[in-house]
Amino acid sequence: MAPDHPLTARLKAGPIAGAAALLGSALFAFGVALFAYAGTYARYWADDYCYSATLKQDGLFRGLADWYTTSGNRLSALAMVGLSDLFGPHAIRLVPLAVLVFWAAAWMFFLWQASRALGWRTPPYWLALLALVQVFFNALLAPDRLQTVYWRMGTYHYSLPVPVLLANLGLIIAFRRSRGRWGAGLLLVSGFLGFFAAGLSETFAALQTAILALAMLGLLALLRGPDRARQRWQGLRLLAAPLAGSLLMMLVMILAPANSWRQAVLPPPKNLLLIVPYSLRYTLDFIRYTLRGQLTPFLVYAALAAALALLVVPAELRLKRRALFLGAGISLLVMVALIFSSFAPSSYAGLAYPAGRALMPGSFILLLGLGAAAGFLALGVRSAAPTRWQPWLAAAALIVLVGGSLYPLRSVASFRRDVAQLAPRAARWDARDAQIETSIRGGSLDLQVKQTDVVQTLGDIGPDPHNWINACAAVFYGARSITASP
């Protein structure tokens with residue numbers, strides 16, 4: 001591919017492009033901030049009580065052992081609850097903000113390292129815009145935003161592992177660029193992050209393992225040049241650390257004694273091979289119905305991905321047209337394969353379709369795959385277009401960028417709906433919480449409260465004091481029993 005046309009270079013690197021990128025960053029940051037604000041109405045719901053009660057009763061290390069033996073195998077999630085609870089019970093309201101900020105920062109770090117490794121001099125404002133676009137659309141298009149953006153445990157299980165993986169991949173690239181000067185320490189950190197992310201949920205453990213395995217295959221297939229053998233070995237060695245961590249945590253989760261009661265509720269199929277056709281069918285259904293149900297935001301996202309590819313990827317890169325169009329097709333195939341891997345654990349559990357919250361890792365991959373395909377197609381069109389058309393393509397990309405950057409303003413309607421549902425329920429939760437605290441200070445240990453609507457789609461304290469949520473809430477508050485009567 002020939003260098004940029006002079007006018008194209010001015011359009012992409014001049015003040016107009018910089019202003020468009022800054023405007024887009026501000027608007028997408030505004031959209032992310034709306035979801036973070038709505039998250040301040042999050043309270044303790046369902047499993048939140050049990051995780052916090054375990055730590056309050058047994059501490060971190062004994063709590064981890066007890067949880068692994070009797071309650072569940074997602075050890076990393078319990079550790080994150082311990083971190084959150086260090087800041088008091090009100091810190092749960094800031095978990096959505098913290099995760100969204102971390103997600104954006106992890107994207108920034110990964111993109112910065114990747115651009116430096118590729119030798120691109122990408123201005124920081126483009127990286128910020130790319131990161132914010134990803135985080136905004138992941139939050140907006142979350143299959144169940146209540147349970148994956150606002151609910152603490154759903155967020156820890158299904159949303160938090162994504163930025164942990166992105167940060168880990170950025171570390172791997174940084175280590176490679178440093179030519180190993182940081183030694184084995186960084187490899188240990190990378191292995192631990194792979195171990196930790198896998199321990200947040202079986203869904204993400206399977207997805208992360210598939211991503212790292214495919215990355216290894218990509219290294220073997222794509223690396224070219226006289227130094228190919230050394231580069232392959234170095235890349236495989238770097239990816240082996242998080243892959244080993246991920247596989248180790250998968251083994252730990254498989255061996256958890258607590259799996260027995262879960263498998264009694266959702267037994268694995270007698271023929272394990274059935275997992276393959278069921279997971280594939282669920283994957284294709286998920287892609288089809290998700291795109292059909294939210295076509296407009298996906299089209300806006302794809303248009304933005306194409307525009308950003310034209311504006312950020314240098315024309316000086318000698319990318320063959322055939323390779324670019326092939327890259328679009330491969331992106332879609334890899335997308336399907338990775339979503340399939342994230343659905344396999346749910347299929348193992350009674351051949352069930354994933355719950356809404358368990359679709360979040362697949363939703364992340366769906367966006368990433370469509371964005372990559374759109375970017376490759378845009379670059380393929382640029383490669384095929386005559387030189388005299390290049391300024392027009394750059395100008396069109398800027399127009400699409402500015403128009404697409406206005407889309408977060410439409411998210412105000414989603415934000416208002418979320419707040420309209422969350423705010424009154426949070427007020428009722430706060431009133432009940434104050435009543436419980438007052439009763440405990442007065443010496444009451446067997447508490448009676450009014451049953452009220454404090455959350456949708458998740459369990460809450462009910463009329464049976466022996467119900468698992470009631471029992472966990474009693475330990476959480478330091479009571480002997482809690483009963484919520486209609």
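Phe-28 is buried, with a relative accessible area of 0%; buried means under 20% relative accessible area, exposed over 50% and partly exposed in between, with a 1.4 Å probe and protein chains only. The model is predicted: local features need pLDDT of at least 70, side-chain atom pairs count only at pLDDT 80 or more, and totals for chains, interfaces and linings use all residues. Residues are numbered from 1 along each chain as its sequence is written, and side-chain values use heavy atoms, without hydrogens and water.

**Overall build**

- The protein chain has 20 helices and 2 strands. Both are DSSP runs numbered from the N terminus: helices are H or I with at least four residues, strands are E with at least two.
- The radius of gyration is 24 Å, close to the 23 Å that the globule rule gives for 486 residues, so the chain is as compact as a globular protein of that length. The radius is taken over C-alpha atoms, and the rule is 2.2 Å times the number of residues to the power 0.38.
- Along the principal axes, the C-alpha atoms fill a box of roughly 80 × 45 × 45 Å.
- Of the 486 residues, 52% are buried.
- Contact means heavy atoms within 4.5 Å. Among contacts between residues at least 6 apart in sequence, 83% join residues at least 24 apart.

**Surface and charge**

- The accessible surface comes to about 22000 Å², and 68% of it belongs to carbon and sulfur atoms. Areas come from the Shrake-Rupley method with a 1.4 Å probe; for residues, only the protein chains shown count as cover.
- The chain has 41 positive and 19 negative charges, and their mean positions are 17 Å apart. Lys and Arg count as positive, Asp and Glu as negative; His and the chain ends are not counted. Each charge is placed at NZ of Lys, CZ of Arg, CG of Asp or CD of Glu.

**Aromatic pairs**

- The structure holds 23 aromatic pairs. Rings of Phe, Tyr and Trp (its six-membered ring) pair if their centres lie within 6.5 Å; planes under 30 degrees apart count as stacked, over 60 as edge-to-face and the rest as tilted.
- Phe-28 and Phe-136 have ring centres 5.4 Å apart and planes at 70°, so this pair is edge-to-face.
- Phe-28 lies in helix 2 (residues 15-38) and Phe-136 in helix 6 (residues 124-140), so the pair ties together parts that are 108 residues apart in sequence.
- Phe-136 is buried, with a relative accessible area of 0%.
- Tyr-44 and Phe-476 form a tilted pair, 4.6 Å centre to centre with 45° between the planes.
- Tyr-44 lies in the loop between helix 2 and helix 3 (47-71), and Phe-476 in helix 20 (residues 468-477), so their pair ties together parts that are 432 residues apart in sequence.
- Both Tyr-44 and Phe-476 are buried.
- One aromatic cluster is formed by Phe-28, Phe-35, Phe-136, Phe-137, Tyr-301 and Tyr-407.

**A buried serine**

- Ser-363 sits in helix 17 (residues 360-384). Its relative accessibility is 3%, so Ser-363 counts as buried.
- Leaving aside neighbours within four places in sequence, Ser-363 is in contact with Asn-138, Leu-141, Pro-143 and Phe-286.

**Positive phi**

- Most residues other than glycine have a negative phi.
- Leu-351 has a positive phi near 55° and is not a glycine. Leu-351 lies in the loop between helix 16 (321-348) and helix 17. It counts as buried at 17% relative accessibility.
- Thr-457, also not a glycine, has a positive phi of about 70°. Thr-457 is in the loop between strand 1 (446-450) and helix 20. It counts as exposed at 60% relative accessibility.
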